[in-house]
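Please keep the sequence and the structure in view while reading.

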Amino acid sequence: MTSSNIAAIQKCVSNTLDGSAIGENLIAGVIGDAPSHYSKSPRLWNAAFRHLAMNAAYLPFDVDDEQVGNLLAALRDCDRFMGVNVTVPHKLRIMDFLDELDAGVKRIQAVNTIVRTPGGRLVGYNTDGEGFIESILTRQPDRAESFVTSLKGMNVLLLGAGGSARAVAFHVADLLDAGQLIICNRTLDHASSLAAEIEKVGRVAIAIGESKLTAHAPKAGLIVNCTTKGQGGVRKLPNGAAVMLERYSSLAPAHPAQFRENISTETDADAKWRAAAAQNIDANNLASMALARCIPSETRFYDLIYHPEETVFLRHGRLTGHPTINGKSMIVNQAAIAFSKRICNAELQARGIDTPETRKQILEVMYQAW
């Protein structure tokens with residue numbers, strides 16, 4: 001990568017790129033609003049590069065909406081650029097700047113992986129759904145057995161209908177056989193729209209509002225939280241306000257207090273928010289625990305959130321005797337798939353190590369690096 005390449009990329013991102021890490025290496029990375037602040041991807045990918053003795057570096061790219069197209073143009077022009085992962089909030093918008101979309105992306109309508117071809121074309125893929133399925137149906141390095149033995153004939157309750165829910169929904173629906181996918185969302189229209197799309201491809205899905213949770217949750221064999229309820233940190237809203245959702249469970253409605261976006265910089269921000277939201281948090285938690293007690297103990301609780309490690313949803317599941325798992329396994333699996341099957345596949349093939357054993361090693365190394 002020449003200094004002009006670095007300069008062109010640096011102009012598009014708000015974080016400072018590490019020139020010493022780039023050196024003469026091949027380049028991969030993650031595009032998001034601020035992955036340099038929170039993403040674990042650099043740690044996972046750079047550990048895999050070291051394990052395979054690849055001369056490559058994985059970098060975070062903090063990019064605003066208006067710079068996404070410019071960043072992709074700069075990366076497209078760089079011969080040593082292999083590809084990137086894409087995280088919030090760019091998974092939808094970024095499709096407008098790509099030369100080709102994989103069939104899976106066209107179905108899900110979201111991109112989380114981009115590969116640069118030798119000819120400089122940018123191709124979009126999505127490994128989220130496949131990563132989720134791998135994380136539940138195959139034994140993970142940190143578990144004694146798979147989280148779920150089979151999805152055939154199972155009723156799966158999906159909480160949420162956003163981008164991550166879409167990827168999970170389509171892949172789960174493919175494997176349910178005689179089972180049913182139940183999509184629950186605060187805004188029923190969004191759940192209905194997703195269910196209709198799944199029905200169009202010959203799968204079974206129904207949409208429900210949060211008021212129907214108590215009727216459907218006890219009938220599910222697997223409950224998956226794809227909402228942001230329970231997530232740590234401050235969440236920005238389109239209206240310029242901000243909310244904190246960590247103390248909420250996705251098993252019950254939530255109406256969090258809203259604050260100005262810069263509240264997170266104040267030393268007593270958490271105390272102020274807790275005071276304003278206490279009554280609503282208590283109502284949410286009581287309803288969640290009451291419902292968890294009514295759900296058969298063999299029902300599994302899965303949360304796509306990994307910060308905190310145990311959300312309120314998972315804690316209520318554990319305390320009422322249910323098997324639980326957080327989003328770490330999905331993150332690691334989708335990363336390993338993006339590494340071995342997409343972004344670094346050409347390099348693995350050229351070295352003659354595009355094998356199941358290599359893919360297993362990559363997964364294990366990423367787990368260890370977490």
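Leaving aside its neighbours within four places in sequence, with which residues is leucine 222 in contact? Before the answer, some conventions. This is a predicted model, in which local features need pLDDT of at least 70 and side-chain atom pairs count only at pLDDT 80 or more, while totals for chains, interfaces and linings use all residues. Residues are numbered from 1 along each chain as its sequence is written, and side-chain values use heavy atoms, with hydrogens and water left out.

Contact means heavy atoms within 4.5 Å. Beyond its sequence neighbours within four places, leucine 222 is in contact with Phe132, Ile136, Phe147, Leu151, Met154, Asn155, Val156, Leu157, Thr299, Arg300 and Tyr302. Leu222 belongs to the largest nonpolar core, which has 34 residues. A nonpolar core is here a set of buried Ala, Val, Leu, Ile, Met, Phe, Trp, Tyr and Cys residues joined through side-chain atoms within 4.5 Å. Buried stands for under 20% relative accessible area, exposed for over 50%, and partly exposed for values in between, with a 1.4 Å probe and protein chains only. Within this core, Phe132, Leu151, Leu181, Leu222 and Tyr302 touch the most other members. At least two core residues each come from α7 (128-137), β7 (156-159), α8 (163-173), β8 (181-184), α9 (188-200) and β10 (222-225). The largest share of the core, 7 residues, is supplied by α8. A second, separate core has 30 residues, among them Val30, Ala56, Val123 and Ile343.

Helix α7 can be followed through two of its packing partners. Two packed helices are described by the angle between their axes and the distance between the axes. Axes are lines fitted to C-alpha atoms, for helices over the stretch in contact, and angles run from 0 to 180 degrees between N-to-C directions. The axes of α7 and α8 come within 8 Å and cross at roughly 60 degrees, which makes α7 oblique to α8. On this scale, angles under 35 degrees count as roughly parallel, over 145 as roughly antiparallel, 65 to 115 as roughly perpendicular, and the rest as oblique. From α7, Asp128, Gly129, Glu130, Phe132 and Ile133 make the contact, and from α8, Ala167, Val168, His171 and Val172. By class, the contact of α7 with α8 has 5 nonpolar, 2 polar and 2 charged residues. In this classification, Ala, Val, Leu, Ile, Met, Phe, Trp, Tyr, Cys and Pro count as nonpolar, Asp, Glu, Lys and Arg as charged, and the others, Gly among them, as polar.

The other partner is helix α13 (residues 328-343), which packs with α7 at an angle of about 120 degrees, the axes being 8 Å apart. That makes α7 oblique to α13. Here α7 contributes Asp128, Glu130, Gly131, Phe132, Glu134 and Ser135, and α13 contributes Ser329, Met330, Asn333, Gln334, Ile337 and Lys341. The contact of α7 with α13 has 3 nonpolar, 5 polar and 4 charged residues.

Helix α4 (residues 41-51) is largely enclosed by the rest of the structure, because 8 of its 11 residues are buried. Those buried residues are Ser41, Pro42, Leu44, Trp45, Asn46, Ala47, Ala48 and Phe49. They pack against β1 (26-32), β2 (56-62), β3 (81-86), α13 and α15 (356-369).

The backbone has several exceptions to note. Most residues other than glycine have a negative phi, and most peptide bonds are trans. Alanine 53 is not a glycine, yet has a positive phi of about 55 degrees. Alanine 53 lies in the loop between α4 and β2 and counts as exposed, at 61% relative accessibility. Aspartate 177 also has a positive phi, near 55 degrees. Its place is in the loop between α8 and β8, and at 63% relative accessibility aspartate 177 counts as exposed. A cis peptide bond, with omega about 5 degrees, joins valine 88 and proline 89. Proline 89 is in the loop between β3 and β4 (100-101). Histidine 307 and proline 308 are likewise joined by a cis peptide bond, with omega about 5 degrees. Proline 308 sits in the loop between β14 (300-303) and α12 (312-319).

Terms used: Helices (H or I, at least four residues) and strands (E, at least two) are DSSP runs, numbered from the N terminus.
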